[in-house]
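Here is a short briefing on the structure shown below. The points are grouped by topic.

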Amino acid sequence: MAFLLSFIDNTPPRQTTETAEPYLPPRAIAGSPKSALLVEDDGVLSPFLKRRLKGEGYSVRTASNAEEGLRLYRDIGPFNVVVINYCVPRYKDHGIDPLAPQTNGIELAIAIRDIDPTQSIILAAFAFRTAAEVLRPPEVMDIPVLLDCSAFQLRSVLEKVEIDLAIKTLSTADLTRLRNVAILLIRGLGRAARGRDWEDLLDEAQCRTLIGAGNSQNGRHWNRNVPFVQHLAGAMKSIASLWRRQFREYEAYLVSELTVCDEEGQERSPIDSIPSDCTPADRRLIDKSEEERVFALFRDDEYARCILRGIVDGLQKHEIKLAYGLDEKKYAATMRRLRVRLMGRESKGQEYEK
Amino acid sequence: MRNNKMSDERVERILNYLADSILHESDESTFAEAKEMDAVAETSAEYTRSKLREASQALHGINMRLANLGHTLDSNWQYKGGEYQNTCLNCGSTVSFKRGSHQSQGDALQARCSPSNEYTTSRRDASRK
């Protein structure tokens, strides 16, 4: 591909895929938190797309050819997103041959990726009907293609780009935190999880974030001022809460459906008439509340029970420490025991269900 | 039932408090906890990342597939019965998307939308204006 880049690539790349450096955050333009570079030659489309991008909260720099686009990128990149017209001319005042294969947009995308492999790029290919018709080499197949410039399509692609970037830049520690939060919440749901696991909870949170990109009523809009990890954790908490409520409603429905009135007008459940020498295990599980089981896990750990009582009473960290005489070290160690035990309780001998 | 509800709220409070505390732990402490749960941080982190990507790619794939067929959807996906549903603004055909399995189905995926799609501005149309 190097020969294709000869028209612009005279200076050594700042960063290559072989020597990956830590993620360099995009540079803000004119105080706007999000920046975009638009490489589009069409005199009508360029201002139109610029307006659309501004409408999505981006400050926009424009270039009308590939050479100018790369120069701008080298000077003031990286950007949150780079939008490149697939059929952009190579140089200023150079037209394109509509009958020849178009490579300038692709070459520019590759040159930018050589500078920063993490740069988010969108290819605008409005002359095509399907993404499959837009020929691309394998190394840029991951770049989303914009086939029309409707507000929804643009927003959808921009959201994907931003969320993909957020996922890409999550650290190992952040991903571990997300996993731990999901495991903790799903274990805490107990029967209310109804067979769903931590991956389902994380998947649901991610789906709602994507759905909420344009409509926070049906999804969960990600406010870019909030770190992505915090956003997903918040989404998982509210989904877990919803699942718990739904389970209660479902359980209440089942109880009401099962309960019948006998001849004397007494309400009875058909389960009561099943002869048994001992209380069935599932009945014991229903009777024993989730809360009791959480406390029972820590019956021999007085500090843990103190913290649990403090949380139940709605105390803050400093109030819990004060109320139960815990110093920072003791509080941190106990919190860790609480988390590890609750997260690992099923994997270690199913102790939670006993 | 009321006692159950109150108990639920208390358990929820405990879990939310502990979940928040996870977010405030240092990286070292987070890795140490993962190790205690027999998880290799790097491996499980990459697995988590792949799960997030899967959901993102699945939904984007559906949006692009629908766009290729000329459908115009807004972002008004409705969550009903364990799946997300949406309707083309022009032809009214529907599409649904299942959480978890990411399976999609519906009329909108079977046929092209009506050509009189006034919401779509193609490059040629825009250039003529």
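A residue counts as buried if 20 or more other C-beta atoms lie within 10 Å of its own, exposed if 12 or fewer, and partly exposed in between, with C-beta atoms placed from the backbone. A:F79 is buried, because 27 other C-beta atoms lie within 10 Å. This is a predicted model: local features need pLDDT of at least 70, side-chain atom pairs count only at pLDDT 80 or more, and totals for chains, interfaces and linings use all residues. Residues are numbered from 1 along each chain as its sequence is written, while chains are lettered from A and ligands numbered from 1 in the order in which they are written.

**Chain A overall**

- Chain A has 12 helices and 7 strands. Helices (H or I, at least four residues) and strands (E, at least two) are DSSP runs, numbered from the N terminus.
- Of the 354 residues in chain A, 39% are buried.
- Two residues are in contact if their C-beta atoms, placed from the backbone, lie within 7 Å. Take the contacts in chain A between residues at least 6 apart in sequence: 60% of them join residues at least 24 apart.

**A:F79 and strand β3 of chain A**

- A:F79 sits in the loop between α2 (66-76) and β3 (81-85) of chain A.
- A:F79 and A:S35 are 44 residues apart in sequence, yet 5.2 Å apart in space, C-alpha to C-alpha.
- β3(A) is largely enclosed by the rest of the structure, because 5 of its 5 residues are buried.
- A:V81, A:V83 and A:N85 point one way from β3(A). A:V82 and A:I84 point the other way, and all are buried.
- Two strands pair if DSSP finds at least two bridges between them. Strand β1 (residues 34-39) of chain A pairs with β3(A) in the parallel sense over 4 bridges. There, A:L37 has A:V82 as its bridge partner.
- β3(A) also runs parallel to strand β4 (residues 121-124) of chain A, joined by 4 bridges. A:V83 has A:I122 as its bridge partner in β4(A).

**Nonpolar core**

- A nonpolar core is a set of buried Ala, Val, Leu, Ile, Met, Phe, Trp, Tyr and Cys residues joined through C-beta atoms within 7 Å.
- The largest such core has 107 residues. A:L123, A:L185 and A:M236 have the most contacts inside it.
- Leaving out residues up to four places away in sequence, A:L185 touches A:L201, A:M236, A:K237, A:A240, B:L15 and B:A19.

**Interface of chains A and B**

- 69 residues of chain A are in contact with 61 residues of chain B.
- Several helices of chain A each supply at least two residues of the side that touches chain B, among them α1 (45-55), α4 (151-168), α7 (228-258) and α12 (328-344).
- α5(A) gives the largest share of that side, 12 residues.
- By class, the side of chain A that touches chain B has 35 nonpolar, 17 polar and 17 charged residues. Ala, Val, Leu, Ile, Met, Phe, Trp, Tyr, Cys and Pro count as nonpolar, Asp, Glu, Lys and Arg as charged, and the others, Gly among them, as polar.

**Hairpins of chain B**

- Strands β2 (residues 83-87) and β3 (residues 94-98) of chain B run antiparallel, joined by 5 bridges. B:E83 has B:K98 as its bridge partner in β3(B).
- The hairpin of β2(B) and β3(B) has 6 residues between the strands, and B:G92 takes a positive phi near 80 degrees.
- β3(B) pairs with strand β4 (residues 104-105) of chain B in the antiparallel sense over 2 bridges. B:S96 has B:Q105 as its bridge partner in β4(B).
- β3(B) and β4(B) form a hairpin with 5 residues between them, and B:G100 in the turn has a positive phi of about 85 degrees.
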